[in-house]
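Here is a short briefing to read beside the model. Take a moment with the view below, and then we can walk through a few spots together.

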Amino acid sequence: MIDFQLNTDEYTLYQALPEDGSAQGNITTRKALRWRKTKYWETREGLIRKQAAIAGLGGGGTLRRAPDQVDGIELAGQVIESVGGVRIPARVRERHLYGPLVDTLRESWSRETRSNSIVVEDTSDQGRRTTGGRWTRPDIVAINLKEYDYLPGKYIEVVTFEVKPADQINVTAVYEALAHRRSATHAYVLLHIPQVRRDSLADDLLSVRSVAAEHGVGVITFGEQDNYDTWSILEVALRVETTPERLNDFIETQLSSDSKRKIAMSVR
């Protein structure tokens, strides 16, 4: 197995090559990326050296993904290629992450945080529904109940999650999460950090963690959305004592009728 990390440019170039392993002209690829010649050729050599791509002949030369080592596996709206034994994820659209994340949050994350999960819902696409503005709409909402041995009653947690794929990781995610937290008890950013991008995203992740810690926003990274073993809780979200009226209004405006019914039955 070859153990390597692609930097940001190498990853971008790799994604610009045909997924079926067919050759693509260097000129065509460079123009599609709008890169300078120097940047393209340096990045190209990096991919070849790491055995993620193979050069070919032709007018101006060609480049292709390593065709004799590629094993495509469909996973939740994405393709994972195994190149020399290293898994390289195709660029993932944010919406393709939601479904598996919802399941993992409900089944694994809730257990680890010792929460009684009532509802975990994808709230990203609410159409024209009035929710108070774009930044008031979390991608995912989890409603949990907690009970304690020495405290009376049940404590409700309204937890929001702002999801970002690998090519959109920056501090904006934290400020979006902060907008949600005004009407929740906890807010997290959920960041897709594939193993092959771990090093190249290190500085961006550090910036996100710094701003998140300053504001009490939690940070969770995941390599595979449906494999909790690849998840890491880097910053734990601080609980905010939001008024009951705000929590109630948030549940009313953000969640589906079925989810609201489950919540109502659970808190009786």
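Leaving aside its neighbours within four places in sequence, which residues is Lys146 in contact with? They are Thr113, Arg114, Ser115, Gly153, Lys154, Tyr155 and Glu157, where contact means heavy atoms within 4.5 Å. Before going on, please note that this is a predicted model, in which local features need pLDDT of at least 70, side-chain atom pairs count only at pLDDT 80 or more, and totals for chains, interfaces and linings use all residues. Residues are numbered from 1 along each chain as its sequence is written, and side-chain values use heavy atoms, with hydrogens and water left out.

**Lys146 and its strand**
- Lys146 sits in strand β8, residues 140-148; strands (E, at least two residues) and helices (H or I, at least four) are DSSP runs, numbered from the N terminus.
- Lys146 counts as buried, at 17% relative accessibility; buried means under 20% relative accessible area, exposed over 50%, and partly exposed in between (1.4 Å probe, protein chains only).
- The Lys146 side chain reaches the backbone oxygen of Thr113 at 3.2 Å.

**Two positive phi angles**
- Arg114, one of the contacts of Lys146, belongs to the loop between α4 (94-112) and β7 (116-122).
- Phi of Arg114 is positive, near 55°, though the residue is not a glycine, and Arg114 is exposed with a relative accessible area of 75%.
- Arg34, in the loop between α2 (26-33) and α3, also has a positive phi, about 60°, without being a glycine.
- Arg34 is exposed too, at 78% relative accessible area.

**Leu47 in α3**
- Helix α3 (residues 37-49) holds Leu47, which is buried at a relative accessible area of 0%.
- Beyond its neighbours within four places in sequence, Leu47 touches Leu6, Glu10, Leu13, Tyr14, Ala52 and Ala53.
- Asp9 is 38 residues from Leu47 along the chain, and their C-alpha atoms are 9.7 Å apart.

**Packing of α5 and α6**
- Helices α5 (residues 172-181) and α6 (residues 202-215) pack at about 25°, with axes 10 Å apart; axes are lines fitted to C-alpha atoms over the stretch in contact, and angles run from 0 to 180 degrees between N-to-C directions.
- The two helices α5 and α6 are therefore roughly parallel, a term for angles under 35 degrees.
- Val174, Tyr175, Leu178 and Arg181 of α5 meet Val208, Val211, Ala212 and His215 of α6.

Conventions:
Angles under 35 degrees count as roughly parallel, over 145 as roughly antiparallel, 65 to 115 as roughly perpendicular and the rest as oblique. A polar contact is a pair of N or O atoms within 3.5 Å; within protein, one must be able to donate a hydrogen and the other to accept it, and residues adjacent in sequence count only if both atoms are side-chain atoms.
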